[in-house]
Protein chains: 2
Amino acid sequence: MHFKVGLLGLGTVGAGLAEVFLRKNETIAEQIGCPISLAKVLVRDLDKPRLVDLPPSMLTTRPEDILDDPDIHIVVEALGGEEPAYTYIQRAIRNRKHIVTPNKEVIAKHGPDILDLARRYNGDVHYEASVGGGIPLIAAFKQDLVANDIRQIRAIINGTTNYILTRMDTAGLPFDAALREAQELGYAEPDPRNDVDGTDAAYKLAILAALAFQIRAAPEDIYREGITELTPADFAYARAMGYAIKLLAIGRRQGNAVELRVHPTLVPREALLARVEGAFNAVEVEGDLTGKVVFYGRGAGARPTASALLADIIDIAQDVLRRYAEHTPRLLIDPSRRRLAMADVESAYYLRLMAVDEPGVLAFVAQTLADAEVSVASIVQRIATTDGRPAEIVIVTHPTRESHAQRVIERLRASAKLLAVPRPMRVEAE
Amino acid sequence: MHFKVGLLGLGTVGAGLAEVFLRKNETIAEQIGCPISLAKVLVRDLDKPRLVDLPPSMLTTRPEDILDDPDIHIVVEALGGEEPAYTYIQRAIRNRKHIVTPNKEVIAKHGPDILDLARRYNGDVHYEASVGGGIPLIAAFKQDLVANDIRQIRAIINGTTNYILTRMDTAGLPFDAALREAQELGYAEPDPRNDVDGTDAAYKLAILAALAFQIRAAPEDIYREGITELTPADFAYARAMGYAIKLLAIGRRQGNAVELRVHPTLVPREALLARVEGAFNAVEVEGDLTGKVVFYGRGAGARPTASALLADIIDIAQDVLRRYAEHTPRLLIDPSRRRLAMADVESAYYLRLMAVDEPGVLAFVAQTLADAEVSVASIVQRIATTDGRPAEIVIVTHPTRESHAQRVIERLRASAKLLAVPRPMRVEAE
């Protein structure tokens, strides 16, 4: 078996997938257990300059070259928007192709129908990239959380608005200025309406609601408010009262009634959701068995989206192979991988030294560090107190080799100037 | 087809699984698409009082009643520890059973061998519950992150030590007192050595390292330091320098060399990992495509563990069925689920009112809220300033019905005492 993939669309998402697909082709084939290739790509204009370098023979402007080609097993729809994406997906399913799509609008509006159609044709439809970019979410609902009765979802699932809200909060910017900044940095589209009015988040909430609450909710029926009316004063008052402001998508079940809403929301500052900043996404799910579980990461971007699309492609391919042959996924072990010796590990260190209270101790410590090529990032010295506690010197170093740090510790411990040198701790960057 | 499950062990984990299995049997069968039942449970003593009420005929003290019974398809090993768990797992695989286990010690030490053996016998081995309790993790590595080159893992994967460190940090407790408190609350075992010395975290890191870095790392070779030597002074200095102290399990790849270590670590307080408190777990994974992704939730407990074990059981059963028949998982839609009307949604509200600067305005606002049965949680009043900004009254209410809140807004907007009543925002609890 040799899998052939057809790709519809070569915009940011399509080009991102094509680039990773070509670069990682061998790894992907190894994961699946047989060869796989990108066979055909639908574009609007053959001559347009591309974000990715593909052989001209791979490109076509005719959808039927992919949708009707019996050699193509998997179609990745990366056109975006409702049409012609929906029509193409249906045609591909009828032609016995499996579908992978990041298209939240199509799945929010037509997901259950598409899945029913696929079921009739024994096809698979995967849409992991439609919510939360590269954050594993859809698969978690379909598999890991499947025994749970989901009570609640609260999610930051639109990076554009979260970036704007973060800047309004931390820099005190008014909405317009924060939006302009987001556009300049590429976090907001030239036409940002679907993001700032909550439409995009409502699409994603409709998808999550079907998975979590088994409800078919038309996205246009989901209550939503955007963020355009928020002012710096709201952020100031919210902060004074202990809150951050986030655009939350909320789903909550009470018996058979399901609340679904998207709106700016005050969240206690100590809550994990309040701490999701910039263009990041987070989805909090509360199941009766798991309790609260949170998924966090980049919700958009060419590479995170490619990660999710490839996971779906690999999943479908493995599944198809499993139908042909008994096949147990094994734990791939790469024999060339070896443990790095601890002496070679690099880390910053926190050292706490109890020192005798006499001149020259700090100089001695500094020289000992310098001799071992360990440089100091910050230092706190506390003088001896009358209650008998010795002077303490606390140092955070720049990253250094474990072996150098150990040499420093040995020398300090050997010195009479220091009363005690407790075991140092390592320091991680954010 | 009717799936039969055998369970080895009826301690906290086994009893938790049995309880949920019986209570949710119908839902689970619906997820799979055919009946499933708990057939036999191995216990040490038939007469001991149980945490869960099972028919006496279901219990046995003879392992062969499960391991050698040709009618049992799936064996859940919930004995814990290396032996006899490892021996029983091998025997079950040779007898053509699929395995589900939460046993981190067995998987850390023998995972690759167990998976190789299962492969030879066409069996599946799932171990989602072995790391991070009910947090979807193992499946994410096997499926969602599969196209990524994982560069780094940083994880808080031992709830006992994280609870102790949180209490040392926030309450200034010395280690012994924090440990005693954790034991009283059931977050630490009577014999806590494996947790506080980092052994438990090293087992889990070995499992994650195989998935993320394709390395077979013996857990006893993983560098580890425990938390027993930490003192309140360390937390005070760390806080002064902007850090929290966490027991991190770190895996990092540089070419084919993989660092693996478990030790107390200083983490910048603004980092998400620094904000993981109490008995919670969090695993941060950095892939070349996804960037940083974080999984957060309860890492232990009977119910989260049961959630993961059931997900594995359902996954195996679905997979077996897929080998017999073409089968596309569909999106289950429950027709009885309906959207709750927005007017019936309950929420706390944030109201910002621009008021004329005259006596009685606050009394009027308070009366309006009272008339609509909306009670006030907190209030901030700012008097009018000489620069012409009006007086503002900011109120956070207790939870109330949307329809009540809307009535309040309408009445306030109709009053001449208020210059402006911007759209209110909803407030979520943590």
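Predicted model: local features only at pLDDT ≥ 70, side-chain atom pairs only at ≥ 80, totals over all residues.
Leaving aside residues up to four places away in sequence, B:Ile93 touches B:Ile99, B:Leu117, B:Ala118, B:Tyr121 and B:Gly123.

Helix H4 of chain B packs with helix H5 (residues 104-120) of chain B, the two axes being 11 Å apart at an angle of about 15 degrees. Angles under 35 degrees count as roughly parallel, and H4(B) and H5(B) are therefore roughly parallel to each other. Their crossing is right-handed. On the H4(B) side the contact is made by B:Ala85, B:Tyr86, B:Ile89, B:Gln90 and B:Ile93, and on the H5(B) side by B:Val106, B:His110, B:Ile114, B:Leu117 and B:Ala118. By class, these residues divide into 8 nonpolar and 2 polar, with no charged residue.

The axes of helix H13 (residues 361-371) and helix H14 (residues 402-414) of chain A come within 9 Å and cross at roughly 150 degrees. Angles over 145 degrees count as roughly antiparallel, and H13(A) and H14(A) are therefore roughly antiparallel to each other. The crossing of H13(A) and H14(A) is right-handed. A:Val365, A:Thr368 and A:Leu369 of H13(A) meet A:Val408, A:Arg411 and A:Leu412 of H14(A). This contact has 4 nonpolar, 1 polar and 1 charged residues.

Strand pairing was considered next. Strands of a sheet pair through backbone hydrogen bonds, either parallel or antiparallel. In chain B, strand E1 (residues 3-8) and strand E2 (residues 36-42) pair in the parallel sense over 6 bridges, and B:Val5 stands opposite B:Leu38 in E2(B). Strand E2(B) also pairs in the parallel sense with strand E3 (residues 59-60) of chain B, over 2 bridges. Here B:Val41 stands opposite B:Leu59 in E3(B).

In chain A, an open sheet of 6 strands has the order E3-E2-E1-E4-E5-E6, with parallel pairing. Strand E3 (59-60) and strand E6 (125-126) are the edge strands, each pairing on one side only. Within chain A, strand E1 (residues 3-8) and strand E4 (residues 74-77) are joined by 4 bridges in the parallel sense, with A:Gly6 opposite A:Val75 in E4(A). Helix H1 (residues 12-23) of chain A packs on the sheet and touches E1, E2 and E4 of chain A; the direction of H1 makes about 155 degrees with that of E2(A). Helix H4 (residues 85-94) of chain A also packs on the sheet, where it touches E1, E4 and strand E5 (98-100) of chain A. The direction of H4(A) makes about 175 degrees with that of E4(A).

The contact between the chains takes 110 residues from chain B and 110 residues from chain A. On the chain B side, the largest share, 11 residues, comes from strand E10 (residues 257-268). The residues on that side divide into 56 nonpolar, 20 polar and 34 charged. Strand E10(B) also runs parallel to strand E13 (residues 338-339) of chain A, to which 2 bridges join it. B:Ala257 in E10(B) is the bridge partner of A:Arg338.

Methods: Residues numbered from 1 in each chain as written. Chains lettered and ligands numbered in written order. Contact = placed C-beta atoms within 7 Å. Nonpolar A, V, L, I, M, F, W, Y, C, P; charged D, E, K, R; others polar. Pairing = 2+ DSSP bridges. Axes fitted to C-alpha atoms, helices over the stretch in contact; angles between N-to-C directions. Parallel < 35°, antiparallel > 145°, perpendicular 65-115°, else oblique. Left-handed = near helix turned anticlockwise from the far one by under 90°.
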